[in-house]
Amino acid sequence: MADRRLQVFHTVARLLSFTKAAETLHMTQPAVTFQVRQLEEYFNTRLFDRTHNRISLTEAGDRVYEYADRIFDLYADMENSVREMTGEIRGALTIGASTTIAEYMLPALLGDFGARYPEVTIHLRVSNSEGIVSMVENNTIDLGVVEAPVGNKNLVVEMCREDHLVAIVPPNHDLANLESVEIRRLLEYPFICREEGSGTREVINEYLDNNSCDAALNISMELGSPEAVKGAVEAGMGVSVVSRATIQKELKLDTLRAINLVPKLERPFSFVHQKQKFRLRAMEELLDFARGYCEDHPEENL
């Protein structure tokens with residue numbers, strides 16, 4: 001319902017980037033530029049200063065942005081109020097999830113949510129935990145689900161459930177028949193790990209620090225996805241530590257063996273979002289649905 005020119009301007013002003021605004025709005029960059037120029041022509045003044053490939057708001061731009069923010073809050077209040085009266089839940093949401101969560105945890109949750117709320121369209125963006133937190137900070141996604149601690153105190157972080165991590169080895173490995181293994185012994189073998197910025201990598205490093213482990217990771221490979229890590233371990237190229245939820249198929253086929261770590265290693269899966277109130281009732285419904293799902297499925301895939 002809101003003026004399209006104002007929507008586009010508000011997104012550019014929030015992100016301070018025509019390119020990022022185009023990605024967020026699913027528009028071409030020339031189309032974004034055209035909408036902003038139309039608004040500038042309407043007010044007969046520049047709303048952005050453009051210097052050295054960077055943009056900043058002019059004094060007039062600041063004023064328009066301030067009013068636009070209030071206008072969209074009022075639109076959201078109106079829409080939520082009417083939807084509440086009619087019981088209708090609809091809209092489009094963008095969720096970001098780290099690789100492990102997106103591949104193994106979210107499909108069941110989003111499938112059940114979609115069955116209950118067919119009028120809600122969900123777009124999923126996948127990155128490592130560091131990338132997801134950055135997207136939340138830049139307001140390019142509505143909600144993030146991550147597997148590592150979040151350092152930004154200006155974001156709301158809410159744990160949904162604990163994830164159990166285990167060592168994995170191929171069936172013919174020296175450790176394959178053990179039920180548990182001390183981390184120091186595991187580190188005697190070549191270690192296959194995720195890339196820097198991965199939640200799993202960060203949690204393992206923190207685990208080693210917290211347990212005063214002097215032995216450093218003997219990293220033989222750094223890989224960009226859980227599937228790649230599992231494949232390398234299956235091929236006998238080293239050992240690794242992964243979420244138990246990611247290896248259910250391999251355990252059934254006996255292509256990998258899971259070994260509990262001593263001391264045990266768990267991490268939280270957490271929702272992360274901006275502090276300001278949600279602008280869509282659909283977002284509130286999704287978060288409530290996810291909370292309930294986590295409570296009902298504490299040890300299973302989300």
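Reader: How many bridges join strand S6 to S12, and in which direction do the two run?

Author: In this predicted model, strand S6 covers residues 155-169, and one of its residues, His164, has Glu266 as its bridge partner in S12. The two strands run antiparallel, and the number of bridges that join S6 to S12 is 10.

Reader: Which residue of S12 does Gly144 stand opposite?

Author: Strand S12 is also joined to strand S5, residues 143-146, by 3 bridges, and S5 and S12 run antiparallel. Within this pairing, the residue of S12 that stands opposite Gly144 is Val272.

Reader: How many of the residues of strand S12 are buried?

Author: Strand S12 takes in residues 265-274 and is mostly covered. For the protein as a whole, 47% of the 302 residues count as buried. In S12, out of 10 residues, the number that are buried is 8.

Reader: How many helices and strands make up the secondary structure, and what does the C-alpha trace span along its principal axes?

Author: The secondary structure of the protein comes to 11 helices and 12 strands. Among contacts between residues at least 6 apart in sequence, 75% join residues at least 24 apart. Along its principal axes, the C-alpha trace spans about 75 × 50 × 30 Å.

Reader: What span should helix H11 have at 1.5 Å a residue, and how far apart are its end C-alpha atoms?

Author: Helix H11 runs over residues 281-296, and its buried residues include Met283, Leu286, Leu287, Phe289 and Tyr293, with Arg281 and Glu285 also among them. At 1.5 Å a residue, the 16 residues of H11 should span 22 Å, which agrees with the separation of its end C-alpha atoms, namely 23 Å.

Reader: Is Val133 buried or exposed, and which residues is it in contact with beyond its neighbours within four places in sequence?

Author: Val133 is found in helix H6, residues 129-137. Because buried means under 20% relative accessible area, Val133, at 14%, counts as buried. The C-alpha atoms of Val133 and Ile259, which are 126 residues apart along the chain, are separated by 31 Å. Once neighbours within four places in sequence are left aside, Val133 is in contact with Val146, Val150 and Leu155.

Reader: In which strand is Val126 found, and what is its relative accessible area?

Author: Leaving aside neighbours within four places in sequence, Val126 is in contact with Ala97, Ser98, Thr99 and Ala102. Its C-alpha atom is separated by 31 Å from that of Arg70, 56 residues apart along the chain. Val126 is found in strand S4, residues 120-127, and it is partly exposed, with a relative accessible area of 47%.

Reader: How far apart in space are Ala31 and Asp69, C-alpha to C-alpha?

Author: Ala31 has its place in helix H3, residues 29-43, where it is partly exposed with a relative accessible area of 26%. Ala31 and Asp69 are 38 residues apart in sequence, and their C-alpha atoms are apart in space by 22 Å.

Reader: What is the phi of Leu16, and what is the phi of His26?

Author: Leu16 lies in the loop between helix H1, residues 4-15, and helix H2, residues 18-25, and counts as partly exposed at 43% relative accessibility. His26 is found in the loop between H2 and H3, and at 62% relative accessibility it counts as exposed. Neither residue is a glycine, yet each has a positive phi: for Leu16 it is about 50°, and for His26 about 60°.

Reader: How far apart do the centres of the positive and negative side chains lie?

Author: The accessible surface of the protein comes to about 15,700 Å², of which 47% belongs to carbon and sulfur atoms. The protein has 32 positive and 47 negative side chains, and the distance between the centres of these two sets is 4 Å.

Technical notes:
Residues numbered from 1 in each chain as written. Predicted model: local features only at pLDDT ≥ 70, side-chain atom pairs only at ≥ 80, totals over all residues. Heavy atoms only, no water. Buried < 20%, exposed > 50% of the residue type's maximum accessible area, 1.4 Å probe, protein only. Helix = DSSP H or I, 4+ residues; strand = E, 2+ residues; numbered from the N terminus. Pairing = 2+ DSSP bridges. Contact = heavy atoms within 4.5 Å. Areas by Shrake-Rupley, 256 points an atom, 1.4 Å probe, with all protein chains shown as cover. Lys, Arg positive; Asp, Glu negative; His and termini not counted. Charge placed at Lys NZ, Arg CZ, Asp CG, Glu CD. Expected span 1.5 Å × (residues − 1).
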